Amino acid sequence: MGTAPALRPETPAQERLASELLGWGSPRPRIDPELARDLRAQLEEGLTALEPDLSDAAARERRGGLLVTKTRLDRQVCDGLQLDPRPFEHTRASVRGILAHAVIERDGDLGRGADVEEVVAAVWYDEASRRPGDPASLSAWMNAQSAEDQAALRDELAELASSFREVWPELPERYVERQAERPIEVSLLGGRVRLFGRPDLLLSSATRDDRARALVVDLKTGRPRSEHDRHELRFYALLVTLADGRPPFRWATYYVTEGRYEPEDLRRETLELTARRVVDTAAQLVRLATLTADGGTPSDDELRLRGGGWCFMCAREEHCEVAARARAERAMSHPDDML
Ligand code: SF4
């Protein structure tokens, strides 16, 4: 029998990450035993204030519950975006991101026992064989690329996986429980509201005591959007706290391309703020559901529209005056961006 791998960083970059992000060697914060219960109470109180419209809106949703996800939280910024998001289409950047996640996950499952090229080839084969007949599928996009473009993307993925290995120490199972894309659903008000998310990585210690010992990590391969990325993570931290009854000690965005991370440590106030954001989003969804009940189309005057950097994700962008005004204001204040 082989020896179990040790919990030991092997490069200076791994040492830094182990200390700054994984917090190895640092004491973990004690869990406030009231925290999860208080957050649930805060959410349920805020959501109850939306009744009776909340129950009507929930009844019209699938499974009879209003669903709050990170995507819906993001779209809260403008009613138009919440109602009419642009349909998702695969692009090279989005496919690179999806496959990079899959490769990093698989590499973790295999305990780094294979060359990165082999891991990439295995993931590529699996993903390219899934639903190839569906023209909107990831596999259809992958198979439509030329052989050169496919090879170039595979090389890029192998490079990303290698740099990930360079910075992340191996995390042996006997010390660290690693959950990739764990689906977490939290039911509130008897299921009339459901919060749902899948954090990329949830790392937990095998030690169970009165201290917070989980770390939530979101992997990003695209352009960093610090504030947006932080909101996303806080939502996952809230989900973990409510689902497990124990908060993570830290949550972090890891920018795979840059090998950089932005951590945030556990604070009650941060989770309370996130719970308020969830209630605000639910309030928006309920208001929009009321405006669009029985097939009604609300006028722009009835909607709360706000233009900004998110308009490119909105199907209304081309004809939206609010978006045009926001672009003009941006051009005045940041002329360099427009040249
Ligand atoms: S284009 Fe922008 S401002 Fe207009 S509805 Fe969409 S997100 Fe809102």
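Two strands pair if DSSP finds at least two bridges between them. Helices here are DSSP runs of H or I with at least four residues, strands are runs of E with at least two, and both are numbered from the N terminus. The model you are looking at is predicted, so local features need pLDDT of at least 70 and side-chain atom pairs count only at pLDDT 80 or more, while totals for chains, interfaces and linings use all residues. Residues are numbered from 1 along each chain as its sequence is written.

Let's start with the sheet. Strand β7 (residues 250-255) pairs with strand β8 (residues 260-265) in the antiparallel sense, over 6 bridges. Tyr255 has Arg260 of β8 as its bridge partner. The two strands form a hairpin with 4 residues between them, and in the turn Gly259 has a positive phi of about 65°.

Now step back to see the whole sheet: it is open, has 5 strands in the order β2-β5-β6-β7-β8, and its pairing is mixed. β2 (176-180) and β8 stand at the edges with a single partner strand each, so one side of each has no neighbour in the sheet. From one strand to the next, the twist averages 20°.

Next, turn to a pair of helices. α6 (residues 92-109) and α7 (residues 116-128) pack at an angle of about 125°, with their axes 9 Å apart. Axes are lines fitted to C-alpha atoms, for helices over the stretch in contact, and angles run from 0 to 180 degrees between N-to-C directions. On the α6 side, Leu99, Ala102, Val103, Arg106 and Asp107 meet Val119, Val120, Ala122, Val123 and Glu127 of α7. These residues divide into 7 nonpolar, no polar and 3 charged. Ala, Val, Leu, Ile, Met, Phe, Trp, Tyr, Cys and Pro count as nonpolar, Asp, Glu, Lys and Arg as charged, and the others, Gly among them, as polar.

Finally, visit the ligand. It is surrounded by 14 residues, the closest being Cys78, Gly80, Cys311, Cys314 and Cys320; a residue is near if its C-beta atom, placed from the backbone, lies within 6 Å. By class, this shell has 9 nonpolar, 2 polar and 3 charged residues. α5 (79-83) and α12 (321-333) each supply at least two of the shell's residues.

Terms used:
Contact = placed C-beta atoms within 7 Å.
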